[in-house]
Amino acid sequence: MIISWEMVKLTIVGRVRDGLPLAQGPRYLGITDHGQENDYFSCYKQQAELLLSGISRGELAPSKMTIRLDHHCFNYLVENGIFFITLCDSSYPRKLAFHYLQDLHQEFEKFDNSLIEKITRPYSFVKFDSIIGNIRKRYIDTRTQANLSKLSANRKQELDIVTKHVSEILECCRQNSDQIPERILTGTPPTPSSIWGSPRLQVIALKWTPITIIVVVAVVLLWASFILTENFIISSL
């Protein structure tokens with residue numbers, strides 16, 4: 001299975017008070033040979049939302065943490081009641097990931113807090129979506145001078161960051177909610193339909209099956225019309 005990964009792939013900003021996700025950045029997950037892009041994205045997004053819920057319920061005490069899962073990791077930061085989380089490739093420098101989250105926090109602080117408190121629908125703070133995308137662009141290339149300077153400064157900074165595996169964290173969340181599917185805990189996308197073999201084939205089938213039925217019906221009607229016309233002509237002779 002081959003996946004084409006960007007470095008910073010998923011970003012969510014949420015409110016700790018009630019666990020409401022406020023904004024999200026553009027999606028940057030790659031496409032697998034089974035066409036499971038949407039499934040992977042959905043699974044990681046649900047994991048990030050579960051972490052936000054855990055923070056909201058007081059299940060996760062650290063204000064910043066790295067959570068490892070397979071070849072990726074979540075990095076999150078909590079500042080002034082706002083939760084910032086990003087999913088990165090495991091090889092992406094953790095220090096840059098937290099610089100990225102700090103930049104998001106600084107931009108978020110420019111908004112009036114009363115405006116943030118009025119938000120009631122998930123992901124409805126769309127003004128911040130584009131800001132996330134713009135800030136992310138600065139962190140795509142780890143070799144820029146600005147990013148190299150950040151990596152070389154304060155080398156002891158990472159010692160303050162707690163690191164755990166996602167299974168430990170989400171298992172704690174599941175103890176408070178038995179409705180969490182196992183695939184969310186493990187980061188495994190749902191098994192493809194046994195009929196179509198893969199989500200991509202299923203999408204193609206759902207798209208083209210109605211069109212195929214219409215074409216077939218049209219051909220049958222034309223054929224029936226031709227037969228009836230031919231019989232009428234023969235009977236008239």
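The model is predicted, so local features are reported only at pLDDT of at least 70 and side-chain atom pairs only at pLDDT 80 or more, while totals for chains, interfaces and linings use all residues. Residues are numbered from 1 along each chain as its sequence is written, and side-chain values use heavy atoms, with hydrogens and water left out. Helices (H or I, at least four residues) and strands (E, at least two) are DSSP runs numbered from the N terminus.

**Sheet**

- Six strands make up an open sheet of mixed pairing, in the order β2-β1-β5-β4-β3-β6, where two strands pair if DSSP finds at least two bridges between them.
- The edges are taken by β2 and β6 (162–165), each of which has a single partner strand, so one side of each is left without a neighbour in the sheet.
- From one strand to the next, the twist averages 25 degrees, with angles running from 0 to 180 degrees between N-to-C directions and axes being lines fitted to C-alpha atoms, for helices over the stretch in contact.
- β1 and β5 run antiparallel and are joined by seven bridges; the bridge partner of Val13 in β5 is Phe84.

**Helices on the sheet**

- Helix α2 packs on the sheet and touches β1, β2, β3, β4, β5 and β6, its direction making about 35 degrees with that of β4; contact here means heavy atoms within 4.5 Å.
- Helix α4 also packs on the sheet, where it touches β1 and β2, and its direction makes about 55 degrees with that of β2.
- The 15 residues of α2 reach 21 Å from the first C-alpha to the last, close to the 21 Å expected at 1.5 Å a residue, the expected span being 1.5 Å times one less than the number of residues.
- Eleven of the 15 residues of α2 are buried, that is, under 20% relative accessible area, as against exposed at over 50% and partly exposed in between (1.4 Å probe, protein chains only).
- The buried residues of α2 include Arg94, Lys95, Asp103 and His105.
- His105, in helix α2, has a relative accessible area of 10%, and, leaving aside neighbours within four places in sequence, His105 is in contact with Glu79, Asn80 and Phe84.

**Nonpolar cores**

- A nonpolar core is a set of buried Ala, Val, Leu, Ile, Met, Phe, Trp, Tyr and Cys residues joined through side-chain atoms within 4.5 Å; in the largest one, of 26 residues, Leu22, Tyr100, Leu104, Phe108, Phe125 and Phe128 touch the most other members.
- β1 (8–15), β2 (20–24), β5, α2 (94–108) and α4 (127–137) each supply at least two residues of this core, and the largest share, seven residues, comes from α2.
- Not counting residues up to four places away in sequence, Tyr100 touches Val8, Thr11, Thr86, Ile132, Ile135, Arg136 and Tyr139.
- A second, separate core has 25 residues, among them Ile12, Leu52, Phe74 and Ile85.

**Loop residues with positive phi**

- Most residues other than glycine have a negative phi.
- Asp70, in the loop between β3 (64–69) and β4 (72–79), has a positive phi near 55 degrees, and Asp70 is exposed, with a relative accessible area of 61%.
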